[in-house]
Every structure is written in structure tokens, then in C-alpha cells.
Amino acid sequence: MCGIVAYVGPRDAQPILLDALSRLEYRGYDSAGLAILNGKGIEVRKKSGRIQELAKICLAEPVKGRLGISHTRWATHGAATDKNAHPHLDASGRLALVHNGVIENYLELKTKLMETGHIFLSETDTEILAHLVGEAFSSSREKGDARLVEAVRSAVQQIQGTLGIAVIHADMPGLIVGARRGSPLVIGVGEGENFLASDTQALAPYTNRVVILQDKEIVSLRADRFDVASPLGIRENVKVEEIEDGVAASDKGVHQHFMLKEIFEQPSAIQNAFRGRLDADGATAKLGGLNMSPQELRQIDRICVLGCGTALHAGMVGKYLIETLAKIPVETQHSSEFRYGDSPVSGRTLFFAVSQSGETADTLGALREARRRGFTVLGICNNVASTIARESDGGVYMHAGPEIGVAATKSFTSQLVIFTLIGLLLGRLRFLSAAHGRELLQAMENLPAQITQCLAYSDAIREIAQRYAHASSMLFLGRLANFPIALEGALKVKEITYIHAEGYPSAELKHGVIALIDKETPTVLLATQDGVYDKNLGNLQEIKARSGPIIAVAHDDDKKICTLADTVLKVPRTHELLQPILNIVPLQLLAYHIGVALGRDVDKPRNLAKSVTVE
Ligand code: M6R
């Protein structure tokens, strides 16, 4: 949520900032800006709208200089206007600052500053921080880089809330100061040049050598060196890590959108999720990163899964998988609710924090709360360099590759594969037979090819999407593990198409939802042949009796359903526990094609951001 990029080095800063910023646009995209030291002072360009709008004004009137900071915004305080876009200046106009996060005590601070004559030009919380740093800088007695570093430290101490910031001052040419508390920041280490960014993706074409800042650290960055200080003093022997991936992220390949590319990457993404983790001899899964012995895993008597949005839906399928395979009771909690609630947790509960980005503020907060209470928390993350991955006691990486489209797709199916592996491992440590374990492993190996079969229906689903694109509301129904798939299908439709959609357990229909059924309201029914197939068909008849159009997700050899539903989205048959992994694919495609038919910006839907780093 909000992206920051800063550059210092021998090259022209503007093109680098604009390019790197465009790689972070998925973090927020309602306005953008940059500030560059031009030899005399600070020159700022900012504009509401996408980064292209900023690029246009920068190209019309370029800013020349070799040091700069930039920002792409997801509005929290103040509308998405030119004035509220970052960077913000201090009272002297010689200091500029960009910020990711939320300043909770900003009103109190603003009132105090106004009483001493400060004038604010925007409605943002960030501008207050720029003024605070500016005040501390002008009254500082420090010399050299320490002057700006200490001014940042003193201002940050007055702030309640979260921040990742980059600051420059016209009196300190060649220096960028960054600080983080809650919001991520990484240093990109180049040859005679250095970068600061919200995540490694921004840096892909420039360097793969990074230093991940720890919480509460401050960095002073020059072209030829950087120093990292924690509240305890300078961090000695800073480790520079080499990262992979990145570059492919910015390439849509043959696809029109990242979302479609990522849907089509699912065969390989899920293969990466289970590669090297299947133990055919033991008929179990190998998950080395859990950092728990078989004895410790056997002692677990409850599991709690924390997540938000799609990640939580994956956890809900995970509940079904683990309870079936290992007979361990599992509860799922919205991270945001767990964090502030009083929910009692029994002594031998194991927590999972699920997050594609690994930076979701609510899930990070919930993880910290569970660890504070003394529980072990395992992360299920895609982003290896993320805060959740680093703060977990252990975990399982998804290895899905970068997910750029705001709608989570391949990360969801990867999470489902990982929950299957966890269920299998825990089951085999208890009573699950080798024969059952082996069946599941074999079925899992067939999944990539079966997802490819689901994807082959994309063109047919595009035509179906045209038929339903003008609905104003849609319902999604499913039972057991397909209930979270109904929720996930509805979430995809809401975020990508802006059509109102709701997911329910199929049987809930008659408890109120049925009042919504009419001939204009399509119902998507997850009706693959499993133990509750007949029950789902009963619900289908209830909808038909009220003239509701039905789109059924069904097995490709199910002839009966073709005579009952208006439209069938076909999926191959797999092990019943793995069926949700296939069933979600046509729903992702349906949402995508409806979104395109309605002319939506599917990769960057309105009001959203990929990585939600505010509460
Ligand atoms: O990065 P995370 O997995 O923690 O993100 C959680 C949610 O914000 C995310 O899944 C969101 O719901 C997606 N946009 C859904 O497509």
C-alpha cells in the first residue's frame, strides 16, 4: 500500500524513479509524485491519477538531478488530488518526504504545529511528518549526515502509527535518509549508486543485491555507501542478500493483463508449491521449513489460521483439509479480528499466518500478537523477503513467482496445495494410512495437467461472461470445502467487475438468501460430484423453481447437470480433497472475462491495492 522509490548515484534520477515507480504501481495507484535535488533546491512534480500522468508532466518539464525520492499513493488521509500526492515539503521548502503508512496522532500534532505558525497545504497526515522533521533539522546541533538522521529519528519518536519514509534535504546534497516502523523498506545496492524502495520488485532492472531494513531501523544512503542504525546503535556487518525473480514480474507475456497471465501460470505455480515436497516412500509431505520436530508436530491439538481476503479463504479450505486428513480441530480468524479480540486459545495451538505479500498489516499484527502470547506461528508466504516470512517461527514458501494483478489467483491455488501438504504431513504423523497418503500424492501430481485442461475453456468462458456481464448482482453457493471457493469466486467478481456478489454455503439459501433470486440474478453453484452432490442439486432445483439462472461448476463428464443448469463450467475430476483447487479456476476466468467485457481495469481495480500495509 503506497510505493516508495529513492535513488542516489551518477545517473539522471527522473527516468529511474519513474520506471521503478511503475513497478510498484500495484501497491497503490491514485496519485504519484517525485522530488529531485536540482543543484539549487528541491524540485517537485506530482499528479493525481496513474504514474503515466506523472510521467507526462515530467517529460514536458523534466527535472534534472542525480538524487531523488518518489511515491505512488493509495489514499488514507485526504482525497486523491494533486495537492495530497507525495512528496510533501516542510515549512522551509528545502526538505521533501514520502511516506507509506498511517500517522494515528496526526490531528493532535497538526494542531500543535499550527499553533506555532505552521501552514499546511494538504489534508494528509504525511505533511505533518515533513514539518516535524524540518523543525528538528533546523534546531539540530548535529554535524554531517547525523543532522538529518537525528532529525528523522526525533520526528519519528513523536509519531504513533506506521511508517516507511524517505527524506531528502537541499542542504544535505548526496544524502537520502529512510526509516521504517511497520511498513517495509529495502536498500538496493548498486555499483556507485544506491536505491531505497518499498519492495524488491521496484529494483529488478537495477540490482538484485538488497538489504532488508528491520523494523525501527534508519538508513543513511549515499551513492557509495550506506549506514543502517537500529534503536540500539549502528548495525555492524550488514548482510547484502541476492534475490531472484523480479524482472519477469513486469512482463505480461502474450496476455493482455497480469491477472490472466497469472491465472495461466497456475500449472507451474502449483508444481513449484509441491516440487521437492512429496515423499513417495513415506507417503507423506516433506516440509523442512516448519522448524518443528515430528514429536512437536504430534503434540499440536488445535490449529488457528490467520489471514485476510483470499488468504483467509485459502485457510478456510485448509481447515477442511487438515480436519479431514489429520483430525485436528482448526479455526480460521480474520487477522484484523484476532488481533484486537479476546478470543481464548488453548495451550497447544499452532498458528499459521497466510499472506501472499507477507506485508499485510493486519496479518503481521495478528502474528505478533500470537507470538507475544507465546504461540508458535508458521508463515505461508510468497514473498520470501517479507516481514511476515522473517518474523514467523518457520513456514512454507509458495514459490508462485511475483503476483502483480491485484486479484490474487495463483497465490490462492498455491496456498491450497500447501495446506494439502500440511494436512498430509500431520495426518501421516497420526493415523492416516500410507494408502490414503499415496492416493493424495498421485492425485496432486496430476493437478498441473488438469489445471491446463481448465484453462483450455477460457475462450468458452469469455462468451459465457458476455451473457452475464450486465447482471447487477450474483450469488455463489458451495458446500464444505467448496463454500470458501464460493466466497473466493464472489470476491473475484466484486473486486474485478464491481458487480455485487455474495458467497454462501448452499444450504443457507433457504434461510434468507433465496429472497434475492429472480431471473436477472445468476447463481454460480459449485456442484462437482462429491458426498454433497445430491444436496446441491436440491438447491439447484429451488433456484430453478424461482426462475434464477444457474451457472454450475461441474465435472466434465456429468451429463445430468447439463440438463439442469443454464450454463456449465467444466472441470476435470480429481481426488475429492483436491477438487477445490480445480473448481476455482473457471471462477477466476469468469470474473476476469466479465471485468474485461465491462471495460474494467482488471489489474488495478478501483479503490484497491495489492499489498495492504495499513490497518
Ligand atoms: O498479501 P496477502 O495475501 O496478505 O493479501 C491479503 C488480501 O489483501 C488479498 O488476498 C486480497 O483480498 C486480494 N486482493 C483478493 O484478490
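Helices (H or I, at least four residues) and strands (E, at least two) are DSSP runs, numbered from the N terminus. The structure is a predicted model, in which local features need pLDDT of at least 70 and side-chain atom pairs count only at pLDDT 80 or more, whereas totals for chains, interfaces and linings use all residues. Residues are numbered from 1 along each chain as its sequence is written, and side-chain values use heavy atoms, with hydrogens and water left out.

Strands β2 (residues 31–37) and β3 (residues 42–48) run antiparallel and are joined by seven bridges; two strands pair if DSSP finds at least two bridges between them. Leu34 has Arg45 of β3 as its bridge partner, and Ala35 is partnered by Val44 of β3. Val44 is partly exposed, with a relative accessible area of 26%; in this classification, buried means under 20% relative accessible area, exposed over 50%, and partly exposed in between (1.4 Å probe, protein chains only). The C-alpha atoms of Val44 and Lys239 are 34 Å apart in space, and the two residues are 195 residues apart in sequence.

Strand β1 (residues 3–8) is largely enclosed by the rest of the structure, because six of its six residues are buried. Both faces of β1 are covered, with Gly3, Val5 and Tyr7 buried on one side and Ile4, Ala6 and Val8 buried on the other. Antiparallel pairing of β1 with β4 extends over six bridges, and Tyr7 stands opposite Gly68 in β4. With strand β10 (residues 194–197), β1 forms four bridges, again in the antiparallel sense; here Val8 stands opposite Asn194.

Several backbone features occur in loops. His86 and Pro87 are joined by a cis peptide bond, with omega about 0°, and Pro87 lies in the loop between β4 (67–73) and β5 (88–89). Ala283, although not a glycine, has a positive phi of about 50°. This residue is found in the loop between β16 (278–279) and β17 (284–285), and Ala283 is buried, with a relative accessible area of 0%. Tyr498 is also a residue other than glycine with a positive phi, near 65°. Tyr498 is placed in the loop between α16 and β24 (500–505) and is partly exposed, its relative accessible area being 25%.

Elsewhere, Phe274 is found in helix α7 (residues 266–274) and is buried, with a relative accessible area of 5%. A distance of 22 Å separates the C-alpha atoms of Phe274 and Ile404, which are 130 residues apart along the chain.

The chain is assigned to domain 1 (3–249), domain 2 (252–453) and domain 3 (456–603), with bounds that come from an automatic or database domain assignment. The C-alpha centres of domain 1 and domain 3 lie 45 Å apart. The shell around the ligand draws at least three residues from each of domain 2 and domain 3.

The ligand is surrounded by 15 residues, of which the closest are Ser355, Gln356, Ser357, Thr360 and Glu495; a residue is near a molecule if one of its heavy atoms lies within 4 Å of it. The shell divides into seven nonpolar, six polar and two charged residues. Ala, Val, Leu, Ile, Met, Phe, Trp, Tyr, Cys and Pro count as nonpolar, Asp, Glu, Lys and Arg as charged, and the others, Gly among them, as polar.

A nitrogen atom of the ligand lies 3.1 Å from a backbone N or O atom of Val406. A polar backbone atom of Ala408 is 2.9 Å from an oxygen atom of the ligand. In the side chain of Glu495, an N or O atom is 2.3 Å from an oxygen atom of the ligand. On its own the ligand has 410 Å² of accessible area, and the protein covers 90% of this; accessible areas come from the Shrake-Rupley method with a 1.4 Å probe. The elements giving two or more residues to the shell are α9 (309–326) and α16 (482–497).

Key:
A polar contact is a pair of N or O atoms within 3.5 Å; within protein, one must be able to donate a hydrogen and the other to accept it, and residues adjacent in sequence count only if both atoms are side-chain atoms.
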